[in-house]
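Work through the exercises below with the sequence and the model open. Each task is followed by a solution in steps.

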Amino acid sequence: MPVPHLTTALQGPLLELERRILAAQPQIEHWFRTRWNQHATPFYGSVDLRNSGFKLAPVDMNLFPGGFNNLNPEFLPLAVQAAQSAVDKVCPEARSLLLIPENHTRNTYYLQNVATLVHIFEQAGLKVRVGTLNPEVTEPTKLSTASGGTLTVEPIVRAGNRLKLADGFDPCVVLLNNDLSAGIPPLLQNLEQSLLPPLHAGWAVRRKSNHFAAYDEVAREFAELISIDQWTINPYFEQCSGLDFHSRQGEEALAATVDGMLAKIRAKYAEHGIEQEPFVIVKADAGTYGMGVMSVKKGEEVIGLNRKARNKMSVVKEGLEVSEVIVQEGVYTFETVNEAVAEPVVYMMDRYVIGGFYRVHTGRGIDENLNAPGMHFVPLTFECACLPDKQGAPDCPPNRFYAYGVIARLALLAAALELEATDPDA
């Protein structure tokens, strides 16, 4: 059951790319099975997609996904089944799990995400407790979640090479829902317990440019498999380093990179008869939460930024300075929910799609980053857990979403290659 049925906000006939993917479904599923026999699946992840009709591509891949609270509750059986599969791979005898979240003690929506994860793994047959890296939490503390419930977080104790809680709780598995933007704490290093995802999946080590380099390889092979132009599923990108937005160091080089990228996109648009104006997204090469992101249509736009724009681009989560960015081809989104611009976000655990939602923003345009204050989430509607409906109309919702699940799983496979390439113990 790799893909549940979902509805889509994009109305109209199935587009040529989606038709190709649907028609090649048997070959695609065999190809994925073969690849997952060769590579270790990331424990979980979420992928931001953009669908412009002529292009369906991932624009971000999160290996420490929040937002499980935004999934439709009817997806729970899929999530529980995937959680059992994921845990069995690392510790078949596992009975207990320690979940380490971000230090957001006041973000009730994030805490609702943590509570949802606890529920999923409890349903999968594990005893789950929440341990925090936050030094301000010195005793078991009840925090309020967005739904009005409570979540107990406890300080972690290190005993030799194991993480425990003060009362002796000694978990088989430690699951991070903390992306390590602030660095890798000594507390988490050299553990004998299974630590998931691995430390080098965190933003202290990880770079988006490494991920999309791996995705290049995956997209190239997949495009050959189903005979498509890989550009239709793969955004161009380049990394640009040596930047200091405050002192304006590296502006000219960044502008040249932007203009070069726009020229490449313009050539592809001409080849495919696309009339839209090309744009690129400039964003920090490490980090998440939609920080350090700008949409650009001319290289000169990144020269002489005003103070507000420089401040926005110079610092990301945990106050980290940005010196490296990824210049990524912008992908228009032509999806809407209640006339507001939307993009699908697909969630996976182990190798399985377990659900998703639309990120919706009433104040943003079709060429802008939607992961910004003012966004809201609309869960994708659950119908039933099965593969595409070959007897249904080509553009019925599950068939459209099958394409989304395929592209999301390509990004997950790219993340597997990325983690192999950056594994310090390999």
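**Exercise 1.** At what angle do helix H1 (residues 16-23) and helix H2 (residues 25-38) pack, and how far apart are their axes?

Solution. The model is a predicted one.
- Step 1: the angle between H1 and H2 is about 70 degrees, and their axes lie 5 Å apart.
- Step 2: angles of 65 to 115 degrees count as roughly perpendicular. H1 and H2 are therefore roughly perpendicular to each other.
- Step 3: on the H1 side the contact is made by Ile21, Leu22 and Ala23, and on the H2 side by Gln25, Pro26, Gln27 and Ile28.
- Step 4: sorted by type, the residues of this contact are 5 nonpolar and 2 polar, with no charged.

**Exercise 2.** Describe the second largest pocket, and find out why it lies between domain 1 and domain 2.

Solution. 
- Step 1: the space in the second largest pocket comes to about 710 Å³.
- Step 2: its lining has 29 residues, of which Leu195, Pro197, Pro198, His200 and Asp423 are the closest to the centre.
- Step 3: helix H3 (76-90), strand S9 (194-196) and helix H8 (397-422) are the elements that give two or more residues to this lining.
- Step 4: the lining residues divide into 18 nonpolar, 6 polar and 5 charged.
- Step 5: domain 1 (1-63 + 206-235 + 331-421) and domain 2 (72-196) both give residues to the lining, so the second largest pocket lies between them.

**Exercise 3.** Which residues line the largest cavity?

Solution. 
- Step 1: the count of cavities of 30 Å³ or more is 1.
- Step 2: the volume of the largest cavity is about 50 Å³.
- Step 3: its lining consists of Pro101, Glu102, Asn103, His104, Thr105, Leu111, Thr132, Asn134, Val137, Leu143 and Val153.
- Step 4: by type, these lining residues are 5 nonpolar, 5 polar and 1 charged.

Definitions and conventions. Residues numbered from 1 in each chain as written. Predicted model: local features only at pLDDT ≥ 70, side-chain atom pairs only at ≥ 80, totals over all residues. Heavy atoms only, no water. 1 Å grid on protein atoms, 1.4 Å probe; cavity = no way out; pocket = protein on both sides within 12 Å on 5 of 7 lines; lining within 4 Å. Points joined across faces, edges and corners; volume = space filled by probe spheres on them. Helix = DSSP H or I, 4+ residues; strand = E, 2+ residues; numbered from the N terminus. Nonpolar A, V, L, I, M, F, W, Y, C, P; charged D, E, K, R; others polar. Domains from an automatic or database assignment. Axes fitted to C-alpha atoms, helices over the stretch in contact; angles between N-to-C directions. Parallel < 35°, antiparallel > 145°, perpendicular 65-115°, else oblique. Contact = heavy atoms within 4.5 Å.
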